[in-house]
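Dear colleague,

I am passing on a structure to you, and I would be glad if you looked through it before reading my notes below.

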Amino acid sequence: MTSTPRKRLSPTESREAAVEAARALLVESGPSAVTLKAVAGRIGRTHANLLHHFGSAEALHTALITRMAADIVGTIGAAVLRVRAGELDPREVVEMTFDAFGKGGAGALASWMILSGNTDALDPILTAIHDLVDELAEGDMPGDQPIQEQTLTLVLMALGDALMGAPMARALGLPVGKARELALDALLASKDAAAPARC
């Protein structure tokens with residue numbers, strides 16, 4: 001692995017570069033690869049330099065999951081609003097959510113942090129989702145399944161799929177993407193059940 005040449009960065013730029021490098025390591029090699037030493041090497045800094053900026057590997061992980069949570073809910077929130085406006089297929093919201101927790105690494109990182117003893121690991125994700133749900137709930141119509149219930153179902157399914165969806169599906173003789181289909185079915189069923197109330 002080659003490191004980038006050193007250049008003077010402000011403290012904010014150093015933290016930003018470290019978080020982006022941590023995200024790349026997470027996607028490439030999984031949560032255990034996101035160490036201060038590996039991130040420092042990726043951005044051409046020293047372990048001590050990153051320790052100065054973050055204080056610990058756990059704080060780096062928290063900064064990473066906070067950034068990922070903001071990105072996830074921003075993308076999904078915009079997609080939900082487009083679905084409500086009839087501009088986007090609900091399938092896209094399901095795909096984005098599952099991809100964020102799966103391919104994007106958020107599910108693996110959150111689980112790894114919790115199993116490593118960082119019990120506050122989910123706080124940034126939960127806070128970001130809570131804020132998004134509060135914002136989206138303002139558009140709920142009477143008779144809708146509450147957005148809180150839809151979000152709970154979708155996020156838990158996406159998180160579970162990220163952790164063990166493929167092996168579980170194979171063990172049950174189901175297609176690997178079956179959990180996504182079930183999540184979409186649940187989302188569409190909740191919309192269909194609310195449809196008469198809007199007439």
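In what order do the elements of the protein run from the N terminus on? They run α-α-α-α-α-α-α-α-α, and the protein has nine helices and zero strands, where helices (H or I, at least four residues) and strands (E, at least two) are DSSP runs numbered from the N terminus.

Please keep in mind that this is a predicted model, in which local features need pLDDT of at least 70 and side-chain atom pairs count only at pLDDT 80 or more, while totals for chains, interfaces and linings use all residues. Residues are numbered from 1 along each chain as its sequence is written, and side-chain values use heavy atoms, with hydrogens and water left out.

Of the 199 residues of the protein, 39% count as buried, a word that means under 20% relative accessible area with a 1.4 Å probe, protein chains only.

After α2 comes Gly44, whose phi is positive, near 75 degrees.

Across the protein, residues 24 or more positions apart account for 68% of the contacts with a separation of 6 or more.

Note on methods
Buried < 20%, exposed > 50% of the residue type's maximum accessible area, 1.4 Å probe, protein only. Contact = heavy atoms within 4.5 Å.
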